[in-house]
Amino acid sequence: MSTLDYRSMFDELSFEIEEINRLLSKIEKQVKTAPRGTLRVTRKRKGFQYYQKVDVNDTKGKYIPRKNQALAVNLAQKDYNQKLIEVLKQQRKVIDHFLNNYDPGAAQQVYEKLTEMIRVKSEAEAQLTVAK
């Protein structure tokens with residue numbers, strides 16, 4: 001890979017990290033302002049019923065009436081956002097790890113070391129031939 005290709009890839013990945021950070025900031029603010037608790041959904045006949053669970057020990061939750069369906073939507077969005085935050089943090093970690101450990105010159109270094117070893121071996125053989 002040429003230096004230009006590496007620079008382009010590095011720039012794209014750095015931009016991706018910036019985008020992830022912007023998105024994380026936005027989503028984390030949304031989670032902070034979201035309603036307390038989690039959403040529990042049950043199927044009832046041909047529809048669904050929604051419950052807000054505020055306490056960890058509460059297994060059933062408080063029923064959310066149809067007129068307050070916005071609460072259910074906000075709780076569902078909060079759950080999605082929390083899961084998305086974890087995924088984005090993992091993606092950022094993977095990209096950071098790659099950028100910190102990738103060496104674009106590694107293949108060239110292997111070639112140069114191999115070439116040097118061959119040169120040293122050839123010189124040693126030449127000296128042995130002269131010594132005979």
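This is a predicted model: local features need pLDDT of at least 70, side-chain atom pairs count only at pLDDT 80 or more; totals for chains, interfaces and linings use all residues.
Visitor: Which residue forms a salt bridge with Lys83, and how far apart are the closest N and O atoms?
Guide: The partner is Asp79, and the closest N and O atoms are 3.1 Å apart. Residues are numbered from 1 along each chain as its sequence is written, and side-chain values use heavy atoms, with hydrogens and water left out.

Visitor: What separates Lys83 and Asp79 in helix α2?
Guide: They are four residues apart in helix α2, which means a separation of about one helical turn. The word helix stands for a DSSP run of H or I with at least four residues, just as a strand is a run of E with at least two, both numbered from the N terminus.

Visitor: Why does Lys83 count as exposed, and what does Asp79 count as?
Guide: Buried means under 20% relative accessible area, exposed means over 50%, and partly exposed lies in between, as found with a 1.4 Å probe on protein chains only. Lys83 has 53% relative accessibility, so it counts as exposed, whereas Asp79, at 36%, counts as partly exposed.

Visitor: How many salt bridges does the count come to?
Guide: By this rule there are four salt bridges. Among them is the one between Arg7 and Asp11, where N and O are 3.8 Å apart, and these two residues lie four places from each other in helix α1 (residues 3-33), about one turn of the helix. Another joins Lys89 and Glu28, with 3.9 Å between the closest N and O atoms; this pair links distant parts of the chain, Lys89 being in helix α2 and Glu28 in helix α1, 61 residues apart. In general, side chains of opposite charge can pair when their charged atoms come close.

Visitor: What makes Lys89 and Glu28 partly exposed?
Guide: Lys89 has 35% relative accessibility and Glu28 has a relative accessible area of 29%, so each value lies between the two cut-offs, and both residues count as partly exposed.

Visitor: Why is the aromatic pair of Phe98 and Tyr102 given its name, and what is the name of the pair formed by Tyr51 and Tyr63?
Guide: The structure holds two aromatic pairs. Tyr51 and Tyr63 form one of them, at 5.7 Å centre to centre with 65 degrees between the planes, and this pair is edge-to-face. Tyr51 is in strand β2 (residues 47-53) and Tyr63 in strand β3 (residues 62-64), twelve residues apart, so that the pair links distant parts of the chain. Phe98 and Tyr102 form a stacked pair, at 4.9 Å with 25 degrees between the planes. The rule is that rings of Phe, Tyr and Trp (its six-membered ring) pair if their centres lie within 6.5 Å, and that planes under 30 degrees apart count as stacked, over 60 as edge-to-face and the rest as tilted.

Visitor: Is Tyr51 buried or exposed, and which charged end sits over its ring?
Guide: Tyr51 has a relative accessible area of 15%, so it is buried. The charged end of Arg40 sits over its ring, 4.3 Å from the centre; the rule asks for NZ of Lys or CZ of Arg within 6 Å of the ring centre and within 35 degrees of the ring normal.

Visitor: What does Lys62 count as, going by its relative accessibility?
Guide: Lys62 has 62% relative accessibility, so it counts as exposed. Lys62 is found in strand β3, and it touches Tyr50, Tyr51 and Gln52, not counting residues up to four places away in sequence.

Definitions and conventions:
Contact means heavy atoms within 4.5 Å. A salt bridge is a side-chain nitrogen of Lys or Arg within 4 Å of a carboxyl oxygen of Asp or Glu.
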